[in-house]
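Please find my notes on this model below. They are set out as numbered points.

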Amino acid sequence: MRSYGVVKALEKETTTVKENAMCVLVHLLQNREEEKAMIGRGRVIMHLVKLLDGRELRGKKNVATVQYVLCSTTKENKVKAVSAGVIL
């Protein structure tokens, strides 16, 4: 459960920590189907939407990349993305 700490960082930490967490998520999601499904089951998609809405985050490309990878993985992730407002 390597991604648990990353998810917690997205919830509570500073902008710099959130940017670093996004880099870690991009790495974790490369060719790891089990990580993609597990990360999508959490509240990550909701936090990603908040990060894109925020003005202070410089790593929006990583946020968009993680959202794309999660949404292209499972139907469950796509449904969460739609309900969070990522996909219309």
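1. In which helix does Gln 67 lie? Gln 67 lies in helix 5, where helices (H or I, at least four residues) and strands (E, at least two) are DSSP runs, numbered from the N terminus. The model is a predicted one: local features need pLDDT of at least 70, side-chain atom pairs count only at pLDDT 80 or more, and totals for chains, interfaces and linings use all residues. Residues are numbered from 1 along each chain as its sequence is written, and side-chain values use heavy atoms, with hydrogens and water left out.

2. Overall make-up. The chain has 6 helices and 0 strands, which gives the pattern α-α-α-α-α-α when read along the sequence. Of the 88 residues in the chain, 40% are buried; buried means under 20% relative accessible area, exposed over 50%, and partly exposed in between (1.4 Å probe, protein chains only). Among contacts (heavy atoms within 4.5 Å) with a separation of 6 or more, 61% are between residues 24 or more positions apart.

3. The nonpolar core. A nonpolar core is here a set of buried Ala, Val, Leu, Ile, Met, Phe, Trp, Tyr and Cys residues joined through side-chain atoms within 4.5 Å. The largest one has 20 residues, of which Leu 10, Met 22, Leu 25, Val 44, Leu 48, Val 66 and Leu 70 touch the most other members. At least two residues of this core come from each of helix 1 (4-12), helix 2, helix 4 and helix 5. Helix 5 gives the most, with 5 residues.

4. Met 22 and its partners. Leaving aside residues up to four places away in sequence, Met 22 touches Leu 10, Leu 48, Leu 51, Asn 62, Val 63 and Val 66.

5. Gln 67 counts as buried because its relative accessibility is 8%. Beyond residues up to four places away in sequence, Gln 67 touches Ile 45, Leu 48, Val 49, Leu 52 and Val 86. Asn 62 is also found in helix 5, but is partly exposed, with a relative accessible area of 23%. Asn 62 and Leu 25 are 37 residues apart in sequence, while their C-alpha atoms are 8.5 Å apart in space.

6. Helix 3. Which residues of helix 3 (residues 33-41) are buried? They are Glu 35, Lys 36, Ala 37, Ile 39 and Gly 40. These residues pack against helix 2 (15-28), helix 4 (44-53), helix 5 (60-71) and helix 6 (75-84).

7. Helix 3 against helix 6. The two helices pack at an angle of about 35°, with axes 9 Å apart; axes are lines fitted to C-alpha atoms, for helices over the stretch in contact, and angles run from 0 to 180 degrees between N-to-C directions. Lys 36, Gly 40 and Arg 41 of helix 3 make the contact with Glu 76, Asn 77 and Lys 80 of helix 6. By class, this contact has no nonpolar, 2 polar and 4 charged residues, with Ala, Val, Leu, Ile, Met, Phe, Trp, Tyr, Cys and Pro counted as nonpolar, Asp, Glu, Lys and Arg as charged, and the others, Gly among them, as polar.

8. Cysteines. The structure holds 0 disulfides, a disulfide being a pair of cysteine sulfur atoms within 2.5 Å. Cys 23 is partly exposed at 41% relative accessibility, whereas Cys 71 is buried, with a relative accessible area of 10%.
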